[in-house]
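Here is a short report on one protein model. Look at the structure first, then read on.

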Amino acid sequence: MTAQILDGKATASAIKSDLVSRVEALNAKGIHPGLGTVLVGEDPGSKWYVAGKHRDCAEVGISSIRRDLPETATQEEIEAAVRELNEDPACTGYIVQLPLPKGIDANRVLELIDPAKDADGLHPMNLGRLVLGESGPLPCTPQGVIQLLRHHGVEINGAHVVVVGRGITVGRSIGLLLTRRSENATVTLCHTGTRDLPGILRQADIIVAAAGVRHLVRPEDVKPGAAVLDVGVSRDEHGKIAGDVHPGVAEVAGWLSPNPGGVGPMTRAQLLVNVVEAAERNAKAAADAGAGHDG
Ligand SMILES: Nc1nc(=O)c2c([nH]1)NC[C@@H]1CN(c3ccc(C(=O)N[C@@H](CCC(=O)O)C(=O)O)cc3)C=[N+]21
């Protein structure tokens, strides 16, 4: 058996086409959504990701605002850039590209982001809203995983999803989305302290591998027909980007998200969704306030 591909590139394109018409509808009301990025330093990977985000914006008609700071930027200078974007009416939502240079208190920076402009969906206020079941921007990678499964008709309702990795961007937050009534999955969160990882993986209908450990998920750990999503990023001995899933898994799994070409493009598309939804919320709030004044 050979797994069917969970095609992140094609699914992200479909999401972006939908956003084009939503941006046009906003423009007709005089609203022009803008995505901001704060990039500190010269890390080639980070520069590449940020450039990609601005290309995506151009594709769907979102304007982009860049704040590029040198590697030597101080805590105060980075915080000043964040305050500027909080105040800037042209900036609907933004991200502070992680990681920040050593010596910078990243949590202090991230907590300064206006929660209404949090395009990553990872501000403590928005994570709290997610726990409480209130609406707000959702974490991009977990939401990308869910949209990728839905787009291909993989059943989430009632499924046992095994997540490997407890990082905040994926492992910690994805269970909050998947266990909502609307998704209705059962979630097991595994990590480096898990005693019998292969035994738990074998029970999974859906595996989300987000540990950053090459070949963590082996063919013998996968139930035949399961969906396997490779979210991990690490580098092999040649410096090439590698995922968490052994290539042999394609012979056992029913569905497999490639890496690259799977969850990465979905993460980027979801960032745009968060910006467009923030603009739509602002438009609705402005309309409601206007209606109030009229009577
Ligand atoms: N505040 C913040 N928010 C982030 O969302 C964030 C961040 N910081 N720091 C770094 C990570 C990494 N990340 C990726 C997003 C898309 C791809 C992606 O689209 N990759 C392509 C191409 C990969 C390649 O060829 O190099 C793919 O998977 O097909 C990769 C990595 C977002 N991050």
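## A pair of facing residues

Val161 stands opposite Ile206, a residue of strand β7. The model shown here is a predicted one.

Now widen the view to the two strands involved. Strand β5 covers residues 160–164, and strand β7 covers residues 206–209. They pair in the parallel sense, over 4 bridges.

## The sheet

β5 and β7 belong to an open sheet of 6 strands. The order across the sheet is β1-β11-β8-β7-β5-β6, and the pairing is parallel. At the edges stand β1 (4–5) and β6 (186–190). Each has a single partner strand, so one side of each is left without a neighbour in the sheet. What holds paired strands to each other? Strands of a sheet pair through backbone hydrogen bonds.

## Helix α6

Helix α6 runs over residues 140–151.

Is α6 mostly covered or mostly open? It is mostly covered, with 10 of its 12 residues buried. Among them are Cys140, Pro142, Val145, Ile146 and Leu149. Just after the helix comes Gly153, which takes a positive phi of about 75 degrees.

## The whole protein

Step back further. The protein has 9 helices and 11 strands. Its C-alpha atoms fill a box of roughly 60 × 50 × 35 Å, taken along the principal axes.

Buried residues make up 39% of the 295 residues. Next, take the contacts between residues at least 6 apart in sequence. Of these, 69% join residues at least 24 apart.

## Two domains

The protein is divided into domain 1 (30–114) and domain 2 (140–264). How many Å separate their centres? The answer is 29 Å, taken over C-alpha atoms.

## Around the ligand

There are 15 residues around the ligand. Which come nearest? They are Ile95, Leu98, Pro260, Gly264 and Thr267.

Two elements, β4 (93–96) and α9 (263–294), each supply at least two residues of this shell. The largest share comes from α9, with 4 residues.

Terms used
Residues numbered from 1 in each chain as written. Predicted model: local features only at pLDDT ≥ 70, side-chain atom pairs only at ≥ 80, totals over all residues. Buried ≥ 20, exposed ≤ 12 C-beta atoms within 10 Å, placed from the backbone. Contact = placed C-beta atoms within 7 Å. Expected span 1.5 Å × (residues − 1). Pairing = 2+ DSSP bridges. Domains from an automatic or database assignment. Near = placed C-beta within 6 Å.
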